[in-house]
Amino acid sequence: MRRVAPATALVLAACAGLVAALLVRAPAPAVVALGALVAAWRLRATAALVAVAALAGWWWGTVRVDALARSALGGQVGRGGDALVETVAPARAGPFQIRVVGRVLRLDGSPVGERALLELPPHGRPPPQGTRLAILGVLVAPKGPQDGFDERAWLAHQGIHAVLRAKAWRVVGERTGLAATADVLHRTLARGLAGSGTGRAVADGVLLGDDGDLSDAVRNDFRASGLYHLLAVSGQNVAIVAGTLLGLAWLLGLPRIAGHVLALAGIGGYVLAVGAQPSVVRAGIAGALASLAFLTGTLRDHWHALALGALVLLAWNPWNLLDAGFQLSFAAVVSIFMLAPRMLRRLVGYPLPRTTRLLLAVSCACTVATAPISWIQFHRISLVAVPANLVADVAMAPLLVLALAAAALAPVSPSGAHVLGLGATWLGVYVAACAHVFAALPCAQVTTTRGLVLLLLVVTAACLCLRRWRPPSSSPST
């Protein structure tokens, strides 16, 4: 069994402490007393540091959970008035209202500085991320448990305790500071895409993780086909961004150090533009650490990078542990580290190109690891995820490269950028077609308990057969 590095053990201990704060809050005297006990036991240096890291995580997790539970707006439910709000996420438009998360800066002239869910009348275009709005509305309580989903608890875990239901709203400006830079980057990438319709909406989802323009039918196709993860920015996106910039540096004849510095800047800008989604933060940290490892000449430990990503997300909000995106992202990466190599060895000897074998192993590993989470969170498991991913994945890298190139070329050659953007949009059409075709197959997904039991029986039988199965001994063809 692989030995855990001391630095990784410290990070994991801090993560454990942060998670412990969700179960038991840490009173300051208790943390101090436990710290004194650690010192009195005279543990080895590594063990003592691990214990201190866990205590520090427990204390900080308590601070963050308590901060997320405090609310000035929650105590003013039923109050109406004028509010100044800035949107902090992409809006999602429905037939009867626009829903978007915003930060309430002022309410009836009094400073607030707290996030709320905005429900806006659907007149005009939805406000872009980073827009300041003047709203006349009333504060209402979030909905409780309904159809198996508790919106109130879900919002509370994000520090949102009230819904601002607008009677009227208008745009009055944009937010400032670093957030404004993120908004500019977001709009720049979005403008690189061309065309409209489903292809453009899918390309937006792949590039920026924004699926707000997709219809419910298309979203259902992506869920049933097991391709919905393509609409969430992941490590693949960050790797393509970094690889594109490294390739550009090589074409320009720049030294590798300059290429990795450029890759670091590109990863930072991309993460800033997309926003703090669990998958992109984790991937951004891993990519940045890989480039920093090259620049500093240190060894790269992918487990340490994964643990650091979890630490950052849990330190910001310990409730991220219960978020489906967090769980699916980390389960998929762990499966790539642990299951994919074993599955790849099983495929050696078959007449498949090495790239196909690798994609097949990774897709199978991620499907197996994320299926239990998908059932618990969404009560569905896709049975066509592996072939659907093999077919759709060929478009991912070209789509992202074309979209990034279009955004970079737009200031110099708008017509050239438009052509590249159209290419990205047409690839989005292809990905949407893949989702639709595989979702339409019979038994594309399991959504009932009876189907789940049957699936478990089939999987158990397959595992028993695999114990006796040996791959062909012939050499693989590439």
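## Burial and overall dimensions

A residue is called buried here when its relative accessible area is under 20%, exposed when that value is over 50%, and partly exposed in between. By this criterion, 40% of the 478 residues of the protein chain count as buried, in what is a predicted model. The accessible surface of the protein chain amounts to about 24,700 Å², and 67% of that area belongs to carbon and sulfur atoms.

The radius of gyration of the protein chain is 24 Å, which agrees with the value near 23 Å that a compact globule of 478 residues would have. Along the principal axes, the C-alpha trace spans about 75 × 70 × 60 Å. Among contacts with a separation of 6 or more, 72% are made by residues 24 or more positions apart. As for charge, the protein chain carries 39 positive and 20 negative side chains, the centres of the two sets lying 12 Å apart.

## Strand pairing and the hairpin

The protein chain has 17 helices and 10 strands. Strand 3 (residues 98-107) and strand 4 (residues 110-120) run antiparallel and are joined by 9 bridges, with Gly 102 standing opposite Ala 116 of strand 4. Strand 4 also pairs with strand 8 (residues 163-174), in the parallel sense and over 3 bridges; here Leu 117 has Val 163 in strand 8 as its bridge partner.

The hairpin formed by strand 3 and strand 4 has 2 residues between the strands, and within this hairpin Asp 108 takes a positive phi near 55°. Asp 108 adopts this positive phi although it is not a glycine, and, with a relative accessibility of 37%, Asp 108 counts as partly exposed.

Helix 6 (residues 198-208) is largely enclosed by the rest of the structure, because 9 of its 11 residues are buried. Just after helix 6, Gly 209 takes a positive phi of about 70°.

Between the C-alpha atoms of Ala 397 and Val 85, which are 312 residues apart along the chain, the separation is 37 Å.

## Two loop residues

Asn 320 lies in the loop between helix 11 (302-316) and helix 12 (324-347). With a relative accessible area of 15%, which is under the 20% limit, Asn 320 is buried. Leaving aside residues up to four places away in sequence, Asn 320 touches Leu 313, Leu 314 and Phe 326.

Cys 443 is placed in the loop between helix 16 and strand 10 (445-446), where Cys 443 has a positive phi of about 55° although it is not a glycine. The relative accessibility of Cys 443 is 63%, so this residue counts as exposed.

How values were computed: Residues are numbered from 1 along each chain as its sequence is written. This is a predicted model: local features need pLDDT of at least 70, side-chain atom pairs count only at pLDDT 80 or more; totals for chains, interfaces and linings use all residues. Side-chain values use heavy atoms; hydrogens and water are left out. Helices (H or I, at least four residues) and strands (E, at least two) are DSSP runs, numbered from the N terminus. The radius of gyration is taken over C-alpha atoms; the globule rule is 2.2 Å times the number of residues to the power 0.38. Buried means under 20% relative accessible area, exposed over 50%, partly exposed in between (1.4 Å probe, protein chains only). Contact means heavy atoms within 4.5 Å. Accessible areas come from the Shrake-Rupley method with a 1.4 Å probe; for residues, only the protein chains shown count as cover. Lys and Arg count as positive and Asp and Glu as negative; His and the chain ends are not counted. The place of a charge is taken as NZ of Lys, CZ of Arg, CG of Asp or CD of Glu. Two strands pair if DSSP finds at least two bridges between them.
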